[in-house]
Amino acid sequence: RIKQMSSTDINSTKKDVSRRMEGAITVLHQEFGGLRTGRASASLLEPLMVSAYGSELPMNQVATISVPEPRMLTLQVWDKSMVKAVEKAIMESGLGLNPGSDGQLVRVPIPALTEERRVELSKIAGKYSEDARIAVRNVRRHAMDELKRSEKDGEISEDEHHDYAKEIQDITDDFIKKIDDTLAHKEQEIMQV
């Protein structure tokens, strides 16, 4: 006897699709957090790894990151012996930042972005967004393949396949729009002087 695909199956498929697409958005936000704009943001330094105690630790596990002013980050390093390692991690990050320390407090001034650097950052943001769109489309393609297989195996009718495919496409369109909106916001942030 042929098993029919139930509405709970399609609902769990839609939940799974949404969850996986949400993952692409989460990764995009993390990547955007590491892109430097003209404003100071703690998320700029959080992904940096510090050589500490014989291993690599995320910055926020060796210091408290604060934003006292729009163009300044400060790090309160918990262990005095880690100050140099924190400074080194920031200097080698490729972010173009020059930290200076005063005891256990590391100050990181955020220089203004040049027009050239803004354009470059916008291109990088565009590439991150395209990667997220590709990830979302891959999730869609996988779900569509499942629907095709379900119709071929007689679990769903041609009409159900058509309806479910439309629902998956609608979810995909929503996520692509979220990515485009996130990119537009990031580009605006990058271009803001």
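The model is predicted, so local features need pLDDT of at least 70 and side-chain atom pairs count only at pLDDT 80 or more, while totals for chains, interfaces and linings use all residues. Residues are numbered from 1 along each chain as its sequence is written, and side-chain values use heavy atoms, with hydrogens and water left out.

**Pocket**

A pocket is an open set of points on a 1 Å grid over the protein atoms alone, with protein on both sides within 12 Å along at least five of seven lines; a 1.4 Å probe fits at the points, and lining residues have an atom within 4 Å of a point. The volume is the space filled by probe spheres set on the points, which are joined across faces, edges and corners. For the largest pocket this volume is about 200 Å³. Its lining has 14 residues, and Glu-31, Gly-34, Leu-35, Leu-95 and Tyr-128 lie nearest the centre. The elements that give two or more residues to this lining are α1 (7-33) and α3 (115-152). Helix α3 gives the largest share, four residues. Helices here are DSSP runs of H or I with at least four residues, strands are runs of E with at least two, and both are numbered from the N terminus.

By class, the lining of the largest pocket divides into eight nonpolar, three polar and three charged residues. Ala, Val, Leu, Ile, Met, Phe, Trp, Tyr, Cys and Pro count as nonpolar, Asp, Glu, Lys and Arg as charged, and the others, Gly among them, as polar.

**Ring contacts**

Rings of Phe, Tyr and Trp (its six-membered ring) pair if their centres lie within 6.5 Å; planes under 30 degrees apart are stacked, over 60 edge-to-face and the rest tilted. The model has one aromatic pair by this rule. Phe-32 and Tyr-128 form a tilted pair, because their ring centres are 6.5 Å apart and their planes are at 45°. Since Phe-32 is in helix α1 and Tyr-128 in helix α3, the pair ties together parts that are 96 residues apart in sequence.

A charge sits over a ring if NZ of Lys or CZ of Arg is within 6 Å of the ring centre and within 35 degrees of the ring normal. Lys-178 meets this rule over the face of Phe-175, at 4.4 Å from the ring centre.

**Nonpolar core**

A nonpolar core is a set of buried Ala, Val, Leu, Ile, Met, Phe, Trp, Tyr and Cys residues joined through side-chain atoms within 4.5 Å. The largest one has 27 residues, of which Val-17, Met-21, Val-136 and Leu-147 touch the most other members. At least two residues of this core come from each of α1, α3 and α4 (158-191). Helix α4 supplies the largest share, nine residues.

**Selected residues**

Buried means under 20% relative accessible area, exposed over 50%, and partly exposed in between (1.4 Å probe, protein chains only).

| Residue | Relative accessible area | Class |
|---|---|---|
| Phe-32 | 4% | buried |
| Tyr-128 | 22% | partly exposed |
| Ala-52 | 1% | buried |
| Tyr-53 | 56% | exposed |
| Pro-99 | 14% | buried |
| Asp-173 | 40% | partly exposed |

Ala-52 belongs to strand β1 (residues 49-52). Between Ala-52 and Ala-184 the C-alpha to C-alpha distance is 38 Å, at 132 residues apart in sequence.

Tyr-53 sits in the loop between β1 and β2 (55-58). Although not a glycine, Tyr-53 has a positive phi of about 50°.

Pro-99 is placed in the loop between α2 (83-91) and β5 (100-102). Its C-alpha atom is separated by 19 Å from that of Thr-114, 15 residues apart along the chain.

Asp-173 is part of helix α4. The C-alpha atoms of Asp-173 and Leu-183 are separated by 15 Å, with the two residues 10 apart along the chain.
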